[in-house]
Amino acid sequence: MPVQRVVLNSRPGNNGVPVPAHFRLEETTLAPDLEDGEVLVRTLCLSVDPYMRCRMNEDTGVGYVTPWQLSECVDGGGVGVVESSRCSACSEGDVVTSFNWPWQTKAVMKGSALQKVDPQVVDGHLSYFLGAVGITGLTALLGVREKGNVTKGANQTMVVSGAAGACGSVAGQIGRLDGCVRAVGICGSEEKCRALVDDCGFSAAINYRKEDIPVKLQELCPDGIDVYFDNVGGGISDTVIAQMNNNSHVILCGQISQYNKDVPYPPPLSEEIQETLRRNNITRERFTVLNYMNKADAALCELSQLVKSGHINVLETVVEGIEKMGDAFCSMMKGGNIGKQIIKISE
């Protein structure tokens, strides 16, 4: 059976910027017969995410993420439909998802590696299983709940960097729902600012490419900053931390501004910022959603209800065709997406 797949063609190097040529589209074939426990799946949609940048290096720098291998098929979050099965847990027609879905139009996978999902949970928007009602939504909700210390009635202000991305756009909405009186997003275009305010209910948004961030933060956060959901690191985060209140909290979710640099994760802070954290008793704790998977089922159920009820609005950027995987990944790394970057592979 002929299929198309995307392999890692070359590595950008620890300090390199990814380009589409680091990926290669190939034709390959699948064995005609399944073995016991295997299923044939047709890929419906795939996800590209910032953490994948470290998978392009020979050493990812973290123990829970493995590097992609040269000339081997790339993998990540995916959703598909079972076309044939020799696994008792999967039947033909089942919709399934996995964190380790190969970037192929069709694939033979172990049924035990797949999670069956119900399309009704997302009103048929199957890509949501890769975003707001998947690992991305879990990261936003559990990050806010576990590290943010949001308290209703406490007049708290939340700032989110990378706010128009898949995780940040949900995190700000969770912050407002959980009790923050303000949620201010930092993003990279006027279009993104409009989406955050008009579609996601953020109080305000700052375009870091055009606006003076320290001045705008003082204007938009008159009572200081109590919760910071950090997706980007670097200078933007230093600026936010400098305006945080005593006993406030940084949710260290991602550092996309640093992913093309050969620095440890999380990257070291300047002595000045470390002193600010100490002096103002600001907690800055790394959040890794995989440490909280015992809470995943209940959280996904809540996210589903919030999305279906309209309390969370989902932003997506969708492109079509497996040949666009490399382009979509590189665009996402440069902030070309609004919300979750999805690649639609088949109907």
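Q: Which helix gives the most to the lining of the largest cavity?
A: Helix H3, residues 166-178, in this predicted model. Helix H3 supplies three residues to that lining.

Q: How do the residues of the lining divide into nonpolar, polar and charged?
A: Five are nonpolar, four are polar and one is charged.

Q: Which domains give at least three residues each to the lining of the largest cavity?
A: Domain 1 (2-131 + 314-344) and domain 2 (135-290).

Q: Why is the pair of Phe23 and Trp68 given its name?
A: Start with the search, which finds five aromatic pairs in the whole structure. The ring centres of Phe23 and Trp68 are 6.2 Å apart, and a pair needs centres within 6.5 Å. Their planes stand at 70°, and edge-to-face means over 60 degrees. Therefore the pair is edge-to-face.

Q: What parts does the pair of Phe23 and Trp68 tie together?
A: Phe23 lies in strand S2 (residues 23-29). Trp68 lies in the loop between helix H1 (52-55) and strand S4 (75-85). So the pair ties together parts that are 45 residues apart in sequence.

Q: Why is the pair of Phe23 and Phe329 given its name?
A: The ring centres of Phe23 and Phe329 lie 5.6 Å apart, against a limit of 6.5 Å. The planes are at 70°, over the 60 degrees required, so this pair is edge-to-face. Phe329 sits in helix H9 (residues 325-333) and Phe23 in strand S2, so the pair ties together parts that are 306 residues apart in sequence.

Q: Which residues form one aromatic cluster?
A: Phe23, Trp68, Trp103 and Phe329.

Q: How do you know whether Phe23 is buried or exposed?
A: Phe23 has a relative accessible area of 8%. Buried means under 20%, so Phe23 is buried. Trp68 is buried too. Phe329 is at 0% relative accessibility, so Phe329 also counts as buried.

Q: Where does the name "Oxidoreductase N-terminal" come from?
A: From a UniProt domain annotation in an unreviewed entry, covering residues 5-117. In the model, the end C-alpha atoms of that span lie 24 Å apart. The span is 4% helix and 42% strand.

Key: Residues are numbered from 1 along each chain as its sequence is written. This is a predicted model: local features need pLDDT of at least 70, side-chain atom pairs count only at pLDDT 80 or more; totals for chains, interfaces and linings use all residues. Side-chain values use heavy atoms; hydrogens and water are left out. UniProt positions are given in the numbering used here, feature names are shortened, and annotations may be inferred rather than shown by experiment. Helices (H or I, at least four residues) and strands (E, at least two) are DSSP runs, numbered from the N terminus. Ala, Val, Leu, Ile, Met, Phe, Trp, Tyr, Cys and Pro count as nonpolar, Asp, Glu, Lys and Arg as charged, and the others, Gly among them, as polar. Domain bounds come from an automatic or database domain assignment. Rings of Phe, Tyr and Trp (its six-membered ring) pair if their centres lie within 6.5 Å; planes under 30 degrees apart count as stacked, over 60 as edge-to-face and the rest as tilted. Buried means under 20% relative accessible area, exposed over 50%, partly exposed in between (1.4 Å probe, protein chains only).
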